[in-house]
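Student: I am new to this structure and would like to discuss its charged pairs. Please show it to me.

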Amino acid sequence: MLTPARETSAAGDPPSRSAARTAERSYIRALVVLDTAVLIVAVLIGYVARFGDEEPSTAEVPYVVLAPALVLAWLAALKALRCYDDRVLGYGADEYRRVSSASLRLAGTIAIAGYIFDVGVSRGYLGISVAVGTVGLEVARFAARKSLHRARSRGSGWSRKVLVVGDTAHVLELVHTLRREPYAGYQVVGACIPDALLAPVPQRLDDVPVVGSFRGIPEAATAIGADTVAVTASGELTATRLRRLGWQLEGTGVDLVVAPALTDVAGPRIHTRPVAGLPLIHVEAPEFRGARKLVKGLVDRSAALLALALLLPLLAVISLAIKVDSRGPVLFRQTRVGQGGREFGVWKFRTMVVNADALLAQLSTRNETDGLMFKMRDDPRVTRIGRLLRKWSLDELPQLVNVLLGQMSLVGPRPPLPSEVARYDGDVARRLLVKPGMTGLWQVSGRSDLSWEDGIRLDLYYVENWSLAADLTILWKTFGAVINSRGAY
């Protein structure tokens with residue numbers, strides 16, 4: 001909504017571009033120091049694991065020289081593959097891929113050079129050092145990124161200062177999208193809109209100040225200390241004007257990014273193909289069948305069988321606790337809707353009193369979520385042991401049986417109730433194109449704390465962009481979400 005701006009900003013003036021660059025360089029320097037420490041430890045572990053207390057006698061190059069040289073070569077490889085590029089730091093998987101690629105290429109180069117020049121260096125030492133160093137670098141980058149994300153969420157971490165350019169509706173949409181994930185590091189500090197929409201008084205789009213029009217974008221970016229100009233859709237921003245804007249920003253230290261109208265499509269599905277000087281974006285169709293689906297099903301069932309075997313003692317203890325705590329069955333079976341709209345019975349440990357469904361009508365006015373679900377933070381129907389089970393998501397462990405039977409997947413959208421599905425529109429119904437999951441993007445992003453709209457958006461994103469690598473990432477994040485008990489009630 002377009003509203004007049006206040007004369008003073010409650011948040012104060014945005015930090016200058018130089019301050020943002022200083023924070024960025026400080027983070028990169030910290031990464032270099034962290035990587036160096038990891039690599040020093042890795043080469044020491046490689047030496048101790050290979051030689052122990054013995055002094056290697058056959059080496060043509062002394063290890064006291066080889067070890068520092070290996071560390072320096074490794075750092076050079078990280079630099080060469082742009083592992084310290086601010087465009088990949090702090091968000092996305094590209095940072096991890098580059099670190100792994102640099103390490104593996106270095107190992108391959110050393111192996112080839114050692115074979116060609118017949119250098120007598122222990123392969124065991126190099127193998128252990130590279131393996132430990134690669135894993136250590138990835139873990140260190142992950143820890144550094146989490147620290148940065150926490151700082152960004154508090155508004156204190158290094159972030160890009162973004163000037164958004166476009167029509168008001170598209171500017172607001174991009175602002176809301178960037179603010180949904182503040183840890184991504186894009187902080188909107190101003191907006192430029194078409195001349196025809198400018199008013200004679202200061203304006204704001206929500207709480208974003210309008211700092212100019214399309215005629216003075218570089219000047220506006222300089223005035224508010226922006227280091228990134230994000231261009232979204234607008235009829236006035238023709239290809240020629242956009243190209244000239246890129247020329248105007250050359251040498252200013254301000255990056256230009258273009259936000260396409262296409263959203264919620266993962267990188268692996270997008271391919272840019274230059275045709276007649278135009279960077280055409282080719283979007284591959286989602287994959288709902290094929291060999292990868294068969295592999296996913298095999299992995300799901302194998303993991304479910306193994307998990308059930310390992311967790312059998314815990315399942316027995318939980319069953320006994322439920323039986324002692326309140327009368328009624330240990331397990332609760334509820335009809336849910338799965339892939340293709342087929343109904344099945346999902347199994348859970350009982351966490352409510354036996355007449356919970358009958359009491360629901362009395363509590364309907366106390367629903368704390370929007371959309372089609374009922375959620376209540378202090379639901380009186382939940383038993384004492386049920387609250388503990390829900391807090392740690394232990395009530396969902398019997399769903400491993402559903403996974404083993406092929407009705408569910410380890411990772412997927414939340415399994416909906418038939419009453420919810422009956423009110424689905426065309427877009428939401430796409431959740432039924434894949435098997436529902438025990439966990440998913442919805443669960444690792446806040447669970448019950450999320451709005452209905454955000455939960456559906458995350459489920460649809462998974463349906464369109466699922467992959468085995470993404471499943472492993474979500475499973476890893478599930479442990480963190482369970483330990484922190486985010487949105488569990």
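Tutor: Let us begin with one salt bridge, meaning a side-chain nitrogen of Lys or Arg within 4 Å of a carboxyl oxygen of Asp or Glu. Arg-384 forms such a bridge with Asp-325, their closest N and O atoms being 3.1 Å apart. This is a predicted model, in which local features need pLDDT of at least 70, side-chain atom pairs count only at pLDDT 80 or more, and totals for chains, interfaces and linings use all residues. Residues are numbered from 1 along each chain as its sequence is written, and side-chain values use heavy atoms, leaving out hydrogens and water.

Student: Which helices hold Arg-384 and Asp-325?

Tutor: Helices are DSSP runs of H or I with at least four residues, strands are runs of E with at least two, and both are numbered from the N terminus. The pair ties together parts that are 59 residues apart in sequence, because Arg-384 lies in helix 10 and Asp-325 in helix 8.

Student: Is Arg-160 buried or exposed?

Tutor: Buried means under 20% relative accessible area, exposed over 50%, and partly exposed in between, with a 1.4 Å probe and protein chains only. The relative accessible area of Arg-160 is 8%, so this residue is buried.

Student: What is the N to O distance in the salt bridge of Arg-160 and Asp-255?

Tutor: Asp-255 counts as buried, at 17% relative accessibility. The side chains of Arg-160 and Asp-255 meet in a salt bridge whose N to O distance is 2.9 Å.

Student: How many salt bridges does the structure hold?

Tutor: Another of them joins Arg-87 to Asp-255. The structure's count of salt bridges is 18.
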